[in-house]
Amino acid sequence: MEAGEAKSKKPRGPRLCCICNQRRPVLKRPKTLQQICRECFYEVFEEEIHQVIVKNRLFKSGERVAIGASGGKDSTVLAYVLSELNRRHNYGLDLFLLSIDEGITGYRDDSLETVKRNEVQYGLPLQIVSYKDLYGWTMDEIVKMIGLKNNCTFCGVFRRQALDRGAALLKVDKLVTGHNADDIAETVLLNILRGDIARLSRCTSITTGEDGPIPRCKPFKYTYEKEIVMYAYFKKLDYFSTECIYSPNAYRGFAREFIKDLERLRPRAILDIIKSGEDFRIATTTKMPEQGTCERCGYISSQKWCKACVLLEGLNRGLPKMGIGRPRGNLNGDHKKVTKAGATAKSIESKQCGSLDF
């Protein structure tokens, strides 16, 4: 009887996509662990980003929008998807590519070639702004002076300001960046580890700088890095995949490894960290820095001089460590100790900080 029943059972057919139930699955989504086909992956990936844009009202019809383009997977996928969604859903946006040339031989010069190809592939105008033109220094020159330990501090500060300067050149209304869910989760952890209350209170915001001249948006806020890589792979997008040669020892790298370990144990951990960051409430008794403008270059700053001006002054004086670390008191006071050797930084009010006044 049992043998007869066994013979009558039909063999199982191939597993099908859990969404369309028609095609063979080609991947398991890292975010949901669903096994889906390529076509359904494209659809859900793009639709999720569209819903983020719509629900958060990231854009208005007729706006000029700059896409921060590095040539890497995140910004390349962002440029491609945003172009597609703009056409498909009639956002009515004028899109531009904005790239920053930090001056890193063997890395940025190669990635910029990718961006130039993207300019042609997606039909989007490209603007390139360089550290050399803005600050008179390349990252190669800065690393020769400062070494590998603190170079990411210089690059991060200069890059944020350079993006705003480039956006101003393009006269755009918004600047979008390819920061993904992994990046934001890492930033939440970093700000906790550093005790940086000011940044912790805003690092999960999908739009920042709304009170400034050019707001920044993150359409990939809830998009996993692994899914971005899969999308780029299946779509055969042209992107640059080499890591920066100066970043192996970056502090963020340790947070990134921790996030990856958590994701392996529990894929939803990334979204849960972001949710925790969104729900943080800063005590009303906590004194927050007051935002103003730099007296030297006019950029946004909570001090009399912005971080970029302080770092640049240190470079120009041959005191590259002058702006490293958290400031204690007034950075511009006379005879402030800035190195172990007891070098002093006098008032930097009298010198220009570079061609920052576009």
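Predicted model: local features only at pLDDT ≥ 70, side-chain atom pairs only at ≥ 80, totals over all residues.
Where do Asp279 and Lys275 lie, and how many residues apart are they? Both belong to helix α12, which covers residues 269-279, and they are four residues apart, about one turn of the helix; helices here are DSSP runs of H or I with at least four residues, strands are runs of E with at least two, and both are numbered from the N terminus.

Residues are numbered from 1 along each chain as its sequence is written, and side-chain values use heavy atoms, with hydrogens and water left out.

Let me stay with that pair for a moment. Asp279 forms a salt bridge with Lys275, with the closest N and O atoms 2.6 Å apart, where a salt bridge means a side-chain nitrogen of Lys or Arg within 4 Å of a carboxyl oxygen of Asp or Glu. Asp279 has a relative accessible area of 42% and Lys275 one of 45%, so each is partly exposed; buried means under 20%, exposed over 50%, and partly exposed in between, with a 1.4 Å probe and protein chains only.

By this rule the count comes to 27 salt bridges. Another of them joins Glu102 to Arg159 at 2.7 Å between the closest N and O atoms, and this pair links distant parts of the chain, since Glu102 sits in the loop between β4 and α4 (108-122) and Arg159 in helix α7 (residues 151-170), 57 residues apart. Glu102 is buried at 3%, whereas Arg159 is partly exposed at 22%. There is also a network of salt bridges that links Lys73, Asp74, Asp182, Glu225 and Lys260, and within it the side chains of Asp74 and Lys73 meet at 3.5 Å, N to O.

Turning to helix packing, the axes of α8 (residues 181-194) and α11 come within 9 Å and cross at roughly 120°; axes are lines fitted to C-alpha atoms, for helices over the stretch in contact, and angles run from 0 to 180 degrees between N-to-C directions. The two helices α8 and α11 are therefore oblique to each other, given that angles under 35 degrees count as roughly parallel, over 145 as roughly antiparallel, 65 to 115 as roughly perpendicular and the rest as oblique. By class, the contact of α8 with α11 has eight nonpolar, one polar and eight charged residues; Ala, Val, Leu, Ile, Met, Phe, Trp, Tyr, Cys and Pro count as nonpolar, Asp, Glu, Lys and Arg as charged, and the others, Gly among them, as polar.

A second pair, α2 and α10, packs at an angle of about 130° with axes 11 Å apart, and these helices are therefore oblique to each other as well. Their contact has seven nonpolar, no polar and four charged residues.

Finally, a few single residues. Ser99 lies in strand β4 (residues 94-101) and, at 1% relative accessibility, counts as buried. Most residues other than glycine have a negative phi. Arg57, however, has a positive phi near 50°, and this residue lies in the loop between α2 (38-55) and β3 (64-68). Lys236 also has a positive phi, of about 55°, and its place is in the loop between α10 (225-235) and α11 (251-265). Arg57 counts as exposed at 74%, and Lys236 counts as exposed at 69%.
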